[in-house]
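Have a look at the chain first, then read on.

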Amino acid sequence: INANSIGSVNRRYELQTFIDSHNLDICLISETKLNQKQKPQLSNHQLIRTDRPNTRKGGGTAIAIHNKLKFTTINYPNSLKNKVIEYSAIKIKTNNKDNLIIISIYATQFTGQTFINELRKLMNEFKLDRASNYYLIAGDFNVKHTSWGDTDSNDRGEQLVAWLEDNYIQYKTTLLSPSTPTFHNAKNKSFLDHCLIDMRIDVEDLVNGKLKTLPYDSDHWAISFKISIVVETTSFIHNNENQFKTLNYKKANWNKFRRCLTNNYNEDSPVPYDRNLSIEEIDTHITELEEKIVKAIEATIPKIKKREDYFIKYNNKKIKKLHVYKSFLIRRLFNNIPVSSQEKRRIKATIKKTNLLIHREFKKTVTAYWEAQIKTIDYKKHQEFFPKINRWLRQKKDISITTLRIDNDNSPLNTHFITKFPNLVSNNQLIATDADTKLYIIGKYLESINAPRYTNLGTINKIEIDQTAAQIMRMKNLMRSQNTTFVTFSDNNPAYQPKNQHNDPKFLFEYTEVQNILKKLKNKTSSGLDNIPTIVLKNLPEIAIKDYTILFNNAINQAYYPKRWKSAKVLPIPKKDKNVESPQSYRPISLTMSISKIFERLIKKQLDVIIHKKKIIPENQFGFKSRHSTTHALNKFLSDINKSLHSKLVVGAAFLDLEKAFDSVWINGLTYILYTKKLPLGLIFLIMDMLCENQFYTWDGASLSTEAFHIKEGLQQGRVLSPILFNIFDSGTNEAALLEADGVSSISFADDRVIYVADSKIENITHKLQDRVNKVNRHYLNWNLKINGAKSQIVFFRRPCDQLNISQYNKVRKAKITITDKQNVSTEIPKENAVKYLGVTLDHLARLVNHHRVQLTKARNAIRSNARIFYNKSLSVKAKLICYQLLIRPHLTYAAPVLWNMGPTIMEKMRRLERSALRSCVRHYRKAETGYVERISNENIYKMANITRIDCFYLKICRNYFASLKNLNNAMIEQLCCPNDERSADYCASGYIMPEIFTYCDKMGILQNERNLPIIYHENRHCRHKMLKINYQEYDNLKFSTALPPVDIKDRSRLSEKYWWLKNDAVHLQEIRRRTLWDRNNQQ
């Protein structure tokens, strides 16, 4: 069919009706005229499409194929670079394992030899001359020739006929033409739509050897035919993964599920609790318990009901009547009933008018349907609120793996691919299009990342560590061979509730502890290879929780990590701004089994206690530690920077990038560190067992790779223990490289490390920084980690040029830091004026102005991308305000406690952005009656929204942050809590204000006045000038609107006891108390 657009709902309804009325299995469509934003759907058919690039309108092809047929989309070859021929292609396997290639084609009216050249290229790229490839190519060829009924021939028709005469034997091809003209316009009729088909395919329903034509609402009639070939259908396939994707967990009756699972226990005995289990028994019971849960899921969880008719939600009686009437008129024209030319014109005009009425009616029904759906979004039902918002108003792009291209560059991995798939090689390049091959290639690439890449071969360090690790492994194996355990379970000491242990930390766990962990799980429906999501684990009956507790405790008792839980599925996600045709451009998202995460949480509880007691992880490591965040790391770093700049020193900082840090963790080295830190031997055995023999399958969201890929080194992503184990592995870097000595400081957040030195002499900074970078580099090479010099950065934080002498400036400009690898090749670390560290853009003058601009841009983009939420008439105001606070504000308030000293102009930009968002939320704009001139006051906008203004909210975040610092159990941060008042005043005067000076400024009343107005963000000062006046009475030159919403005016949170710096001597506190008392008296 040349559909002449299926972009609108009524055009798709026309296509759907046509497919249903003629009972079509496959429909080849040309001129779809779709763009990337449109996602049309059909009932019972999948739509495979190729759109024209956005620069060219019109065109486009598609194939609608019935769900019962199993097929593979062919993404390469493709027609994206063609001038004339556009096509979509699929491949269907026949029962004798041959290929049936179906191509929907559209040829533009471009003249010249290009059409034949591109047709020849198509036949060659699809290898249609091979005996194993059957094919048919059908669509709008835009060719004319007298041999199939046209009154005259065009150049393309002559070229096609000549090409057929020369190539019909090589490609086993024949051309089937329509029995009647397919193109109709006011001037003439032409045979433009044809089918090139393999001679070996039997074609039925021909009319005198030509294709049957059918009426369709377009300037082209459709051509129809039936082929006889046996192909595979989905009825022969059992895809367990897809089966579980169709389950509707949110509609589940969990009481019924628990009863069903409990009844399954009546058929089989529960897990023994009164004796120790062997490793084989643990594995067997894990599998049996998993099968019971899956059986209960299949029996009780309802399936997602898929609409048989996609258009039923939009259709009504009027549309049906109009469509029946239009079909009658089209048939009347098609059947060539003798009518006058005047009558023909009248019928065509009536069809056009009917189409317009159908379009208008569809527009009404679609609008009415979605208005009704969106009105069902209730912000009070928190479990449904965001799922509905995301499903209807925040649709994400589908994750898919595109065609992969592998160059023959003689690398071992690429050579392996080309040797394994020689039939996919073209022009010295492997091109993978089918899912199995792409999953294998990406899996092998990810496996190579986790393969040993030792940077310390032959070193004494490696030899000693490998020997120690081998000794620990022998001890573990000896324990296994002698069936030695740590505890004996019995009736008096049941495995689901072991008695009080003398171990410190606690070694085993009671089932109530496991139950509490399960209750706190999120209602996620994603799952690992066992197809048991966390929402199911959260609703397990007590008997199943006890069984899992028995298995957990027995596994810990045996120092055994169950083999079943070592397998994961990995979803490759394309990296941003990377070439998606390269396997290196995909980031692995590892989905481990949910129950294994519960087991690892129990182990982590033990590890956390030991780490805290033995102080294994240094205080300058802020990543993946309880109550620590990126803000704490930034606080410490910016505090030291501002303190040094205040003292007129220069700070040289090296931001080091570790190459594939988690994937490169040396397992023997980690084992050695755990052993030397004197962790319990059973815990070391258990962690060793967890890290050995892991594997994964690659998954594209629909199918799994047939082959498992192995992780021989490194920490598997997605595991609960991986971050804390990396911190332990990296814990010796400070001591080895002397990072906290001789004026050198260092901060880490997981694998992001910064080393910095403050001094008045640039040569001293360069010398110390180079020395520490060399020591860190040598330490990492000894422990199988590698610094990526090209991605690392050097920044010299300093005062402006007018406050530096020329020699200092020249030395900063010429300063150079290098990294030397194990081949003694030196790489200069790039020197920059700005660096992005932990999400904050730090400039060399420490003004942080660029960061605010970046965040404002992100917030604006977030508003644009969520325009369907904020500009929706049917969504309630409260729901939109919640979305603003959760989707937009976090961009503006990230790391607020270290960025609070910004200029009023920057904050005003944030307030303007907020007011713009709030106007769209409350739907309060300038009105047409006033000629769109009368402004809406800021005060009214905030009153209607009734949410805390952005600057007041900013200060609240800062107060809560600094109030929590004293309870952090980190001396490095706690020492920042109580700055000296006199020195704080000096810092305020210089403009180099440390983040923790916030408490002093808040006490002095220079942040908010007694009316809760944030005067710091209204005082007239340039964003580059960070100096603050100490006397709040001097803040009299306020700019910008000072209108506050009622919720901010009535706010009395500053009286809270947790704000320890706001005591009796704090400015404004007495006035706030007086106003509070006055409000209470008025209420009485």
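## Helix α1 against α8

Val-9, Asn-10 and Tyr-13 in α1 meet Asn-355, Ile-358, His-359, Phe-362 and Val-366 in α8, where contact means heavy atoms within 4.5 Å. Sorted by class, this contact has 5 nonpolar, 3 polar and no charged residues (Ala, Val, Leu, Ile, Met, Phe, Trp, Tyr, Cys and Pro count as nonpolar, Asp, Glu, Lys and Arg as charged, and the others, Gly among them, as polar). The model is predicted, so local features need pLDDT of at least 70 and side-chain atom pairs pLDDT 80 or more, while totals for chains, interfaces and linings use all residues. Residues are numbered from 1 along each chain as its sequence is written, and side-chain values use heavy atoms, with hydrogens and water left out.

α1 spans residues 9-21 and α8 residues 341-375; helices are DSSP runs of H or I, at least four residues, numbered from the N terminus. They pack at about 110 degrees, axes 8 Å apart, which makes α1 roughly perpendicular to α8 (65 to 115 degrees). Axes are lines fitted to C-alpha atoms over the stretch in contact, and angles run from 0 to 180 degrees between N-to-C directions.

## Helix α18 against α19

Further along, α18 (residues 667-676) packs on α19 (residues 681-691) at about 170 degrees, with axes 10 Å apart. The two are therefore roughly antiparallel (over 145 degrees).

From α18, Ile-667, Leu-670, Thr-671, Leu-674 and Tyr-675 meet Leu-681, Ile-684, Ile-687, Met-688 and Leu-691 of α19. That contact has 9 nonpolar residues, 1 polar and no charged ones.

The domain assignment gives domain 1 (9-228), domain 2 (317-393) and domain 3 (870-1079), with bounds from an automatic or database assignment. The centres of domains 2 and 3, taken over C-alpha atoms, are 51 Å apart.

About 790 Å² is buried between them, 81% of it from carbon and sulfur atoms (accessible area, 1.4 Å probe, lost on putting the two parts together, summed over both). On the domain 2 side, Ile-374, Tyr-379 and Phe-386 lose the most area, together 54% of what that side buries.

Key
Parallel < 35°, antiparallel > 145°, perpendicular 65-115°, else oblique.
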